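Dear colleague,

Please find below the structure that I am handing over to you.

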Amino acid sequence: MKKFLFILFLLLVSLSLSAVGNDQTLILETVVPENYGINVPDHALHLDQFVFEFEGDRGISELLTESRFSIGNFESTRMQTFTLLFYGNLSTDYTVQISVDTEDGFVRQSGNNEASIPVSVFFEEADEKPEDITVVCDEEYAKAYVTIPPTGPRRGVEVVTLTLLWEEVRDLLPGEYEMAVDIELLSNN
């Protein structure tokens, strides 16, 4: 019996040794595309990788969904703030310059009676901006320079705040005023 178990043991060892030389390694490849896993809200107005957030009537943050936006009553409102939220999953640094032009500010055009309310533009780092994101604000030229390093998916990350500020003007003609805010995003990529 011992002899039988010994022969069986030798047979199993020899079979396992012969199987060691018969292996093959497979290498599987795939590509994960840029912005994989990122779903930008469909209804949100966006500028490349950014969407605009503002504080609504009840103090609740909302996404801007249309390019036309009412600031409400002129007597009680002296500014409007938008926070740019980043949505992306990129393989390289996302480096952009954001510039804003308000032209003549709020303008009323009614026949020959044109009136305007000048508007100033300011950029600031957003309150909840992650530390690895770099924002440099140029107040003189109403520009912000943003660099976002690749660190995986970012969904709605606060980056920079855009503030439009106007002074009280006492001698205004009544009527509807409108302002075109031109926002330009230049990329170094």
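Seven aromatic pairs are present in the structure; rings of Phe, Tyr and Trp (its six-membered ring) pair if their centres lie within 6.5 Å, and planes under 30 degrees apart count as stacked, over 60 as edge-to-face and the rest as tilted. One of the pairs joins Phe69 and Phe82, whose ring centres are 5.4 Å apart with planes at 70°, so this pair is edge-to-face. Because Phe69 lies in the loop between β3 and β4 while Phe82 lies in strand β4, the pair ties together parts that are 13 residues apart in sequence. Phe82 is buried, at a relative accessible area of 9%, whereas Phe69 is partly exposed, at 29%; buried means under 20% relative accessible area, exposed over 50% and partly exposed in between (1.4 Å probe, protein chains only). Ring pairs also link Phe50, Phe86 and Tyr94 into a cluster.

Please note the basis of these values. This is a predicted model, in which local features need pLDDT of at least 70 and side-chain atom pairs count only at pLDDT 80 or more, while totals for chains, interfaces and linings use all residues. Residues are numbered from 1 along each chain as its sequence is written, and side-chain values use heavy atoms, with hydrogens and water left out.

I turn next to the strands. Helices (H or I, at least four residues) and strands (E, at least two) are DSSP runs, numbered from the N terminus, and two strands pair if DSSP finds at least two bridges between them. β4 and β11 run antiparallel and are joined by 10 bridges; Thr81 stands opposite Thr163 in β11. β11 also pairs with β8 in the antiparallel sense, over seven bridges, and Val119 has Trp166 in β11 as its bridge partner.

Grid points are joined across faces, edges and corners, and a volume is the space filled by probe spheres set on the points.

The largest pocket holds about 1100 Å³ of space. Its lining comprises 41 residues, of which Phe69, Ile71, Phe106, Glu178 and Met179 lie nearest the centre. Two or more lining residues come from each of β1 (46-47), β4 (79-88), β6 (106-110) and β11 (154-166), and β11 gives the most, with three. By class, this lining has 23 nonpolar, eight polar and 10 charged residues; Ala, Val, Leu, Ile, Met, Phe, Trp, Tyr, Cys and Pro count as nonpolar, Asp, Glu, Lys and Arg as charged, and the others, Gly among them, as polar.

The second largest pocket has a volume of about 530 Å³. Of its 22 lining residues, Glu53, Phe54, Glu55, Gln80 and Thr81 lie nearest the centre. β4 gives the most to this lining, with five residues. The lining has six nonpolar, eight polar and eight charged residues.

Yours sincerely

Terms used: On a 1 Å grid over the protein atoms alone, a cavity is a set of points where a 1.4 Å probe fits but cannot get out, and a pocket is an open set with protein on both sides within 12 Å along at least five of seven lines; lining residues have an atom within 4 Å of a point.
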